[in-house]
Amino acid sequence: MRAVVLEELGGPEVLKLREWPDPEPKPGELVVDLDFCGVNFMDTGTRAGFFVPGDLPLVPGVEGAGRVSAIGEGVSGFEIGDRVAWVLVYGSYAEKVAVPAEKVVHVPDDIPSDVAAAMMMQGITAHHFVNESAPLAEGETALVHAAAGGVGRIVTQLLKLRGVRVIGLVSREEKVAAAKEAGADEVLVSSGGDFVDRVKDLTGGEGVHAVFDGGGATTFRPSIEVLRRVGTLVFFGPLNGEVPRVSMLDLPKSIKITYAVFADHIPDQEQLCRHATDLFDKVREGKLKIDITERYPLEAARQAHTDIESRRTSGKLLLDRSR
């Protein structure tokens, strides 16, 4: 089969399309013929030396959707030809991938495979944030960083379904429309930490109940500044610069800070299915739109990484096996 392979760490140029051995299912695994796989910042981190799951060479990529083509010993509940999606399974930049059955969900007949692949990591991340990390109530206010991006758009939509007022931040004027389309009530253009006064003005000086911050080092402390008393900072930006160390004694008010460890969002298949099923239901009902910005052939994985790291894209990027 063909696969995108990392033989060394570095920039997008180290991603190379190679012939790679077809996977065989071990006990507890499925082999899936891939239709689409998602492109994530976790993948760029693997390529650069973060989140490296083993020795090189290796195949990056952690999510996708396709059809079951082989079933390992001890697996029940799946049949050959079933449409499935998975997340947090390395090796997904390939035509076939072996996945533990516990990390797989069935894709409903009325959900397209590209949508299923696009919503697994970002959708489950956003769902965890909104329902567990900072479950805001109707009438409360949130600040969402990168509100035109993949996670930001989904967070915004899920917050609006809860009746939350959303102030969106975007890095460029051309991204304002996308954030508003996702439901943001107000959208601010900010390239760093210059949003504090404007957010306080929009909240009558009180600040917001929660900040969803994937911005990294430049936005960490400003995000704390715009929180109101006992507000929550949901931080998920470790790839965007080192996060400053914070002494509890330096905090200006009583707040809560939570850090997202993706594997802990879905500690077992029951939690995975719970998150995914609710997301599928909301897509089916027209309450949630999964925005797919671009589809690339496997051989264009380098370009996909270049594009996502440029910060000029919005929505989800996918690798498409059929192209």
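**Helix packing and strand pairing in the predicted model**

The crossing of helices α2 and α3 is right-handed. The structure described here is a predicted model. Two packed helices are described by the angle between their axes and the distance between the axes. For α2 (residues 113-133) and α3 (residues 150-161), the angle is about 45 degrees and the axes lie 9 Å apart; α2 is therefore oblique to α3. On the α2 side, the contact is formed by Gln122, Gly123, Thr125, Ala126, His127, Phe129 and Val130, which meet Gly150, Val151, Ile154, Val155, Leu158 and Leu159 of α3. By class, eight of the residues in this contact are nonpolar and five are polar, while no charged residue takes part.

Helix α2 also packs with helix α8 (residues 269-284), at an angle of about 105 degrees and with the axes 9 Å apart. This angle makes α2 roughly perpendicular to α8. Residues contributed by α2 include Val115, Ala116, Met119, Met120 and Ile124, and those of α8 include Leu272, Ala276, Leu279, Phe280 and Val283. Gly123 and His127 of α2 meet α8, and Gly123 and His127 are likewise among the α2 residues that meet α3. The contact of α2 with α8 comprises 10 nonpolar, five polar and three charged residues.

Strands of a sheet pair through backbone hydrogen bonds, either parallel or antiparallel. An open sheet is formed by six strands in the order β10-β9-β8-β11-β12-β13, with parallel pairing. Its edge strands, β10 (186-189) and β13 (256-259), each pair on one side only. Direction ignored, neighbouring strands of the sheet are turned against each other by 15 degrees on average. Strand β9 (residues 165-170) is joined to β10 by four bridges, and the two strands run parallel; in β10, Glu186 is the residue opposite Ile167. Helix α3 lies across β8 (141-144), β9 and β11 (208-213), and runs at about 170 degrees to β8. Helix α6 (residues 217-225) has Thr219, Phe220, Pro222, Ser223 and Ile224 as its buried residues. These buried residues pack against α5 (196-202) and against the strands β11, β12 (227-235) and β13.

Strand β15 (residues 316-320) is mostly covered, with five of its five residues buried. Lys316, Leu318 and Asp320 point one way from the strand, whereas Leu317 and Leu319 point the other way. The strand has pairings of both senses: β15 is antiparallel to β3 (residues 29-39), with four bridges, and parallel to β14 (residues 292-296), again with four bridges. In these pairings, Leu318 of β15 stands opposite Gly38, and Leu317 of β15 stands opposite Glu294.

Leu56 and Pro57 are joined by a cis peptide bond, with omega at about 0 degrees; Pro57 is located in the loop between α1 (41-48) and β4 (63-71). Leu88, although not a glycine, has a positive phi of about 60 degrees. Leu88 belongs to the loop between β5 (83-87) and β6 (96-100), and counts as buried because its relative accessibility is 18%, under the 20% limit. A positive phi, near 45 degrees, is also found in Ala146, in the loop between β8 and α3. With a relative accessibility of 47%, Ala146 counts as partly exposed.

Methods: Residues numbered from 1 in each chain as written. Predicted model: local features only at pLDDT ≥ 70, side-chain atom pairs only at ≥ 80, totals over all residues. Heavy atoms only, no water. Axes fitted to C-alpha atoms, helices over the stretch in contact; angles between N-to-C directions. Parallel < 35°, antiparallel > 145°, perpendicular 65-115°, else oblique. Left-handed = near helix turned anticlockwise from the far one by under 90°. Contact = heavy atoms within 4.5 Å. Nonpolar A, V, L, I, M, F, W, Y, C, P; charged D, E, K, R; others polar. Pairing = 2+ DSSP bridges. Buried < 20%, exposed > 50% of the residue type's maximum accessible area, 1.4 Å probe, protein only.
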